[in-house]
Amino acid sequence: MTSETDDEGTVALGALLAPARVVLWDFDGPICRLFAGHSAERVALGLVEWLEVRGLRGLLTDGERESPDPHAVLRAVDLRHPGSDLVAELEERLTQEELKAAASAMPTAWADPLIRTLTAVGRRLAVTTNNSPRVVTRYLTSRGLTSCFLPHVYGRTRDLHLLKPDPDCLNRALRAMGTAPSAALMIGDAPSDCLAARRAGAPFLGYARNKRKEELLRDAGATHVVNSLEPVLAAVRSRARARRT
């Protein structure tokens, strides 16, 4: 299921959505592009430089120092010094950078109306993310979407080994919402989202804004992938109309 834009695709998406009483959203990707105006690569480099200034260059391999992903830098340090004050300070630095990024984050096309429509038809929503929950709440507030999600925002904690692909944040959401995994649907854009959903036992819908991301999701085992949230919105509206007739 790629680019479901025709009637058959709408029906297939409707069948995927039908059992889902709860929709679990990854944040950076399906809801917005968090680092659209505040480069993630620059943030990762800033974390590396902060470590180097403190004489801790040797904590990272050459590959980790060159990673464009700030979460990779954070994970690497936590792997060597789990639960340390160093990791706590590095995590807070990343959170502050994410908060800056939230101010210039770009909403994902069709995400806002899909979120509002799912809420209107009685679906319960949660955010399950590797980003800081403080960042998610700030962004949702800026878009007037807080009431669609809160209090169900489950993000990064100090237990960094529980970041996705560990299903911890999904499991926390499901427990809090009293929902079985089979009655949920996870929407994510990364292999780690797909793996976390599989480990939690929840169905998964991949969102891939380009061919490379779609290939990564397919390689991770995703069988349902859309290139836009518009057909998902169309499927939700179609099912709502069908129930009224």
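Guide: The second largest cavity has a volume of about 50 Å³ in this predicted model. Its lining is made up of 13 residues. Those nearest the centre of this cavity are Gly-155, Arg-156, Thr-157, Leu-162 and Leu-163. By class, the lining of the second largest cavity holds four nonpolar, four polar and five charged residues.

The structure has two cavities of 30 Å³ or more. In the largest cavity the space comes to about 60 Å³. Helix α12, residues 230–244, contributes the most to the lining of this largest cavity, with five residues. Six of the residues lining the largest cavity are nonpolar and three are charged, with no polar residue.

Now the open space. The largest pocket contains about 1000 Å³. It is lined by 37 residues, and the closest to the pocket centre are Asp-28, Asp-69, Asp-189, Ala-190 and Lys-213. Several elements each supply at least two residues of this lining: the helices α2 (40–53), α4 (70–80), α10 (191–200) and α11 (211–219), along with strand β3 (106–107). The lining of the largest pocket divides into 16 nonpolar, nine polar and twelve charged residues.

Methods: Residues numbered from 1 in each chain as written. Predicted model: local features only at pLDDT ≥ 70, side-chain atom pairs only at ≥ 80, totals over all residues. Heavy atoms only, no water. 1 Å grid on protein atoms, 1.4 Å probe; cavity = no way out; pocket = protein on both sides within 12 Å on 5 of 7 lines; lining within 4 Å. Points joined across faces, edges and corners; volume = space filled by probe spheres on them. Helix = DSSP H or I, 4+ residues; strand = E, 2+ residues; numbered from the N terminus. Nonpolar A, V, L, I, M, F, W, Y, C, P; charged D, E, K, R; others polar.
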